[in-house]
Amino acid sequence: MAIDHASPFSLKNRGDMGGGEYEEEVENQRWPPWLKPLLSTSFFVQCRIHADAHKSECNMYCLDCMNGALCSLCLSHHRDHHAIQIRRSSYHDVIRVSEIQKVLDITGVQTYIINSARVVFLNERPQPRPGKGVTNTCEVCERSLLDSFRFCSLGCKIVGTSGGYRPRKKHGGCGGDDGGKKKKKRAALKDARYESEDSCTSTSGGSSDKSSVVQSFTPSTPPPTSASYRTGNKRRKGVPHRSPFGSLIVEF
């Protein structure tokens with residue numbers, strides 16, 4: 001395996017380059033040289049070289065050559081190289097933890113079990129807003145996460161651990177700025193309602209004579225009595241009564 005894990009101590013002196021160039025050089029040395037090209041590669045497309053073959057879908061990547069996605073037939077030219085397989089879940093690229101953790105530190109990235117295999121996502125997945133009760137989100141894209149993780153994908157970890165990146169402020173785990181504004185608005189309305197109720201109470205207390213004259217348009221419901229309970233029950237069927245005209249005899 002010819003993967004280059006260059007040490008950050010082999011950098012040039014800071015005085016020989018500008019501040020921006022130095023920071024960029026440090027960021028490049030923090031990660032393997034194949035990681036960023038891997039995350040920007042489009043997989044699961046048809047191979048241009050083996051387009052007529054049966055298995056020409058590009059789902060492989062060579063960490064040594066870094067020359068784009070490869071199909072299974074292209075691996076014959078990379079026998080002595082380290083190639084990894086990219087898989088897909090819900091139209092997003094993933095890679096098995098058993099493969100990536102051998103060459104990359106994935107600490108802090110949430111893992112998932114898909115088809116009985118533990119995987120990590122390569123890039124972030126858009127999410128409109130976190131679900132209810134979410135207490136932990138990705139520090140970069142704010143996707144819902146378990147409490148023990150910081151990032152949802154390898155791409156978010158690169159962005160979130162860079163020197164110039166500042167994580168977004170958490171707002172109660174979900175809702176963001178909109179949630180905070182809504183809470184403040186509800187609190188203001190609540191205070192205004194309480195103030196209006198207090199003012200109405202003081203006004204009614206000062207004019208008790210007038211309030212005693214005004215009556216409500218809707219009469220209050222009288223308390224239930226024993227008679228009302230009896231009328232509401234179903235009447236029992238008693239002894240039948242014959243018609244008073246049944247005993248009359250009509251003579252012609």
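**Entry 1: cysteines**

I began at Cys156, whose sulfur lies 3.7 Å from the closest cysteine sulfur, that of Cys152, so the two are too far apart for a bond. The cut-off I used for a disulfide is a pair of cysteine sulfur atoms within 2.5 Å. Cys156 is buried, at 1% relative accessibility. My burial scale uses a 1.4 Å probe on protein chains only: buried is under 20% relative accessible area, exposed is over 50%, and partly exposed is in between.

I then looked up Cys65. Its closest cysteine sulfur belongs to Cys62, at 3.7 Å, and this is also too far for a bond. Cys65 is partly exposed, with 31% relative accessibility. My disulfide count for the model is zero.

**Entry 2: ground rules**

I note that this is a predicted model, in which local features need pLDDT of at least 70 and side-chain atom pairs count only at pLDDT 80 or more, while totals for chains, interfaces and linings use all residues. Residues are numbered from 1 along each chain as its sequence is written, and side-chain values use heavy atoms, with hydrogens and water left out.

**Entry 3: the chain as a whole**

I counted seven helices and seven strands in the protein chain. These are DSSP runs numbered from the N terminus: helices are H or I with at least four residues, strands are E with at least two. The order from the N terminus is α-α-β-β-β-β-β-α-β-β-α-α-α-α.

The protein chain has 252 residues, and 29% of them count as buried. I also checked the contacts between residues at least 6 apart in sequence: 47% of them join residues at least 24 apart. Contact here means heavy atoms within 4.5 Å.

**Entry 4: the β2-β1-β3 sheet**

I traced an open sheet of three strands, ordered β2-β1-β3, with antiparallel pairing. Strands count as paired if DSSP finds at least two bridges between them. β1 (residues 60-62) and β2 are joined by two bridges in the antiparallel sense. Met60 has Leu70 in β2 as its bridge partner.

Between β1 and β2 there is a loop that holds Met66. Met66 is not a glycine, yet its phi is positive, about 55°. I found Met66 partly exposed, at 33% relative accessibility.

I looked next at the loop between α2 and β1, where Phe44 sits. Phe44 has a positive phi of about 60°, and it is not a glycine. Ser56 is in the loop between α2 (35-39) and β1 as well. Is Ser56 buried or exposed? Ser56 is buried, with 8% relative accessible area. Leaving out residues up to four places away in sequence, Ser56 touches Val45, Gln46, Cys47, His50, Ala51 and Cys71.

I followed β7 (residues 117-121), which is mostly covered, with four of its five residues buried. β7 pairs with β5 in the antiparallel sense over three bridges. Ile95 stands opposite Val120 in β7. β6 (residues 112-114) and β7 also pair in the antiparallel sense over three bridges. Ile114 has Ala117 in β7 as its bridge partner. The β6-β7 hairpin has two residues between the strands, and Asn115 takes a positive phi near 55° there.

I then took Arg96, which lies in strand β5 (residues 92-96). Arg96 is partly exposed, with a relative accessible area of 31%. Arg96 and Ala117 are 21 residues apart in sequence, and their C-alpha atoms are 6.9 Å apart. Setting aside neighbours within four places in sequence, Arg96 contacts Arg87, Ala117, Arg118 and Val119.

**Entry 5: the cavity**

I searched a 1 Å grid over the protein atoms alone, where a cavity is a set of points that a 1.4 Å probe fits but cannot leave, and lining residues have an atom within 4 Å of a point. The count is one cavity of 30 Å³ or more. The largest cavity holds about 30 Å³ of space, taken as the space filled by probe spheres set on the points, with points joined across faces, edges and corners.

Which residues line the largest cavity? They are Trp31, Leu35, Leu104, Asp105, Leu154, Lys157 and Ile158. Helix α4 (residues 154-160) gives the most to this lining, with three residues. By class I noted five nonpolar, no polar and two charged residues.

Terms used: 1 Å grid on protein atoms, 1.4 Å probe; cavity = no way out; pocket = protein on both sides within 12 Å on 5 of 7 lines; lining within 4 Å. Nonpolar A, V, L, I, M, F, W, Y, C, P; charged D, E, K, R; others polar.
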